Amino acid sequence: MLTEISKEEWINITKDTECASIFIDPVFLEPISRVFRYSIKYFMAEFKAKPALGFACFVKGKSIKVPTHFIYSGLWWDLKYDTIKFRNLLIEAIGDLKRSYNSIEFRLPPPVSDIRPFQWQDFSYQVSYTYTRNTTDLNFEYNIKSRVKKSFERKIVPSVSFSFSDVWNHQIHDLKRFHFSDRLLGKTKSLFKAWFENGFMLIYEARSPEGLVGSSCVLYDQHQSKAYNLLISSANSNYHTGVHAALYNFIFNDLRSRGINNFDLYGADLRGVADFKSSFDAILEAHYTTRYNGRAAFVKNLKSGLKNKLIAIKGKVL
């Protein structure tokens, strides 16, 4: 049975466990709660009287939501993932959530690849893609090397940045192109600044003699030895300079020096972006966004039940 537990209980159960990550860390989650005005609730299910499966959820009324696409949902488990025991526990836990919430959304991290428990509990799902790359062998393809060389010839210098305001002001231009409203820009700025100040975000910049020409914001998960590329930005007019390749090359090497083994490039759904990221010899991974709507599920099940009855009646008549 899934039960709600306190933040303190959640921390005591999950800290320093193998599955701990920034996405279940209250210090990481609380700025999201504050900025988007959702409460955070922690739920735990037990297996053989021991904590085995948990959810850190953003809640508003009778809805569980992922307030921003910059994160994966906070799932924790201490049970072997690829087992029927885990699958059954997950099915039961989802069922318990359905009894309390009318709508539920999870943005599952790539390791959660078995979507069937959610399907069996009347969730719909949408598949998205990302590229991930280890940092151990950074022998990139020739086209990346040539672009990095080109950027060097143009005196573009990537580095770790310590000026959040410089990087944010540079990122704004791209976010506006993606139709971020002024209100959402303000929320995103507050969120990123909190993550940066709390040590969950690394920021990078690339400068030429003309000034700042590229920047990037990267989530930093030291416990999982993973990083996530939230944003990388440069004006289209700078693309021919090789600044994107230079930034990525620098970031990969900096992450490796920090003990980060895996870099999630965060997105491979747009063709041009996907083609560029694949040049880093990265691995394509699917991840799922699952959604449950109580009313829609009721109507669907009602129609399915009526259809089955009609088939049964038809079979008897014939």
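**Pockets and cavity of a predicted model**

**View 1. The second largest pocket.** Cys 19, Trp 77, Pro 111, Gln 224 and Lys 226 lie nearest the centre of the second largest pocket, which has 21 lining residues. A pocket is an open set of points on a 1 Å grid over the protein atoms alone, with protein on both sides within 12 Å along at least five of seven lines; lining residues have an atom within 4 Å of a point. The space in this second largest pocket is about 500 Å³, a volume being the space filled by probe spheres set on points joined across faces, edges and corners. The model is predicted: local features need pLDDT of at least 70, side-chain atom pairs count only at pLDDT 80 or more, and totals for chains, interfaces and linings use all residues. Residues are numbered from 1 along each chain as its sequence is written, and side-chain values use heavy atoms, without hydrogens and water.

**View 2. The largest pocket.** The largest pocket has a volume of about 1200 Å³. Its lining comprises 43 residues, with Phe 178, Leu 230, Tyr 266, Leu 270 and Lys 277 nearest the centre.

**View 3. The cavity.** One cavity of 30 Å³ or more is found in the whole structure; a cavity is a set of grid points where a 1.4 Å probe fits but cannot get out. Among the 13 residues that line the largest cavity, Ala 56, Cys 57, Phe 58, Ser 73 and Gly 74 are the closest to its centre. The space in the largest cavity is about 80 Å³.
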